[in-house]
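Work through the following exercises with the model at hand. Each task is followed by its solution.

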Amino acid sequence: MIKKGLFVLSLLLVFSLLVSACVSPEPPKDNSLPAQESSFTEEVSVEEPKPDIGKEGFSLKDIPAFSDKPYVAVNDNTPYFTENEIVADPYEFYSELDSLGRCGVTIACIGKELMPTEDRGNIGQVKPTGWHTVKYDCVDGKYLYNRCHLIGYQLTGENANVNNLVTGTRYMNVTGMLPFENMVADYVKETGNHVMYRVTPIFDGDDLLCRGVLMEAYSVEDEGEGICFNVFVYNAQPNIEIDYATGESRLNESDSEVSRTEQTNTYVLNTNSKKFHNPDCSSVSKISENNKQVFEGTREELIEDGYSPCGICKP
Amino acid sequence: MEIIICLDDNNGMLFNNRRQSRDSKVLWDIKNNLQNSLTIFPFSEKLVSSAEIPYEIMSGSASENTVLFVEDRGIKEFLPVTNKITVYRWNRVYPADMSLDIVLSAEGFQITQTVDFEGTSHEKITKEVYER
């Protein structure tokens, strides 16, 4: 179907966002959408992305500090889509990375046409900005950070698209974002309708780790009756302190029972056989260049991605 | 009276005044097990009528034979006249800002039947029947 390579469509979307960039509408009183005007002040440009410019009506300063809830409603749960942004033809758009290598706004008209028919592939080779392979016992699955799809795999089937992956805490990924993705995916499957869906990583200044993601969704055919939300999901993890400038983290000093481990190594992958090897393994030279890939990370991470250790070098 | 509800893994029911999910196989099952008409609140009217389930809007008090489908409110107020609760579990986590307002076991309900089936948009839906 229509994939990210549709450059013309991308330009049209960029143009649309730019055209609608400078208008400040009255905030809607209900979940109906403003006509013609946009509350989007974010300029999305292929040449010069500016992903950290806030939206009219949205400011990181208005978001309460993270406490015990994974997300908070924004704009009374009314998304910022304008009428002319809402279409029923499926498409997807992912901003180019900015000068710091960070993701920008992603937007799609989700339909069955875009949904994957295969299991998710390996994404372990992607290292989004702020990435650290770090484990804490207090985190579900140990790993603090996930490669977090902005538009979830179950919605558009994007695997290792670097423009769609940010460094996100396990808590943001699973507890925060996934329930919204589930709701949209199941609605689309059940009704055959389409859902306008936009996920914007929100960075503060030159931070490498986003403070959270703004998730907006609106069901097209029934005009928001089935799906309508606008939420900010925190990129946070209970009991962990995070330096958003770098992605460095540490255990909250009040919780001394949890230990931290970080074991990063270099491995050589055979993407065909799904084996991983030590770099000096005799089998490495026999791997076709097309199937060979260098990976920096942990053993557990590779196993989680479906790889198994070589029986010769036993990495 | 019997109450029918749909819940996610966290006993959630609604988010932003919208049902968390829907599945035509659940509606079919409700319709298939109905003796008379289904009693509903206005919130559910469009959904139920789309499945051609005979229904009436809740008004006044319920009778012993009432089957009440509840989506947009708690069920605690109906417990004094309720002896059976049917729960359809989505086996998924969705966002929720309104959840079930009781703990079934604490209200004396015991599970008497569990059936799993595949929905049209859900891999596995679990139907649980509680009675007291």
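**Exercise 1.** In which strand of chain B is Y55(B) found? Determine also whether Y55(B) counts as buried, exposed or partly exposed, and list what Y55(B) touches.

Solution. The model is a predicted one. Step 1: Y55(B) belongs to strand β5 of chain B, which covers residues 55-57. Step 2: Y55(B) has 19 C-beta neighbours inside 10 Å. A buried residue needs 20 or more, and an exposed one has 12 or fewer; Y55(B) therefore counts as partly exposed. Step 3: leaving aside residues up to four places away in sequence, Y55(B) touches S37(B), L38(B), I40(B) and V48(B). Step 4: N36(B) is 19 residues from Y55(B) along the chain, and their C-alpha atoms are 8.5 Å apart.

**Exercise 2.** Find which residues of helix α1 of chain B are buried, and state what they pack against.

Solution. Step 1: helix α1 of chain B spans residues 24-32, and V26(B), L27(B) and I30(B) are buried there. Step 2: viewed down the axis of α1(B), the buried residues fall within an arc of 100°, so they line one face of the helix. Step 3: the buried residues of α1(B) pack against strands of chain B, namely β1 (2-7), β4 (38-40), β6 (67-69), β7 (84-89) and β10 (125-131).

**Exercise 3.** Identify where in chain A the pLDDT is below 50.

Solution. Step 1: chain A has a mean pLDDT of 82, with 79% of its residues at 70 or more. Step 2: the pLDDT is below 50 over residues 1-32 of chain A, a stretch with 47 contacts in the model beyond near neighbours in sequence. Step 3: the pLDDT is also below 50 over residues 256-261 of chain A, where 11 such contacts occur.

Definitions and conventions. Residues numbered from 1 in each chain as written. Chains lettered and ligands numbered in written order. Predicted model: local features only at pLDDT ≥ 70, side-chain atom pairs only at ≥ 80, totals over all residues. pLDDT = per-residue confidence, 0-100. Contact = placed C-beta atoms within 7 Å. Helix = DSSP H or I, 4+ residues; strand = E, 2+ residues; numbered from the N terminus. Arc of directions from axis to C-beta.
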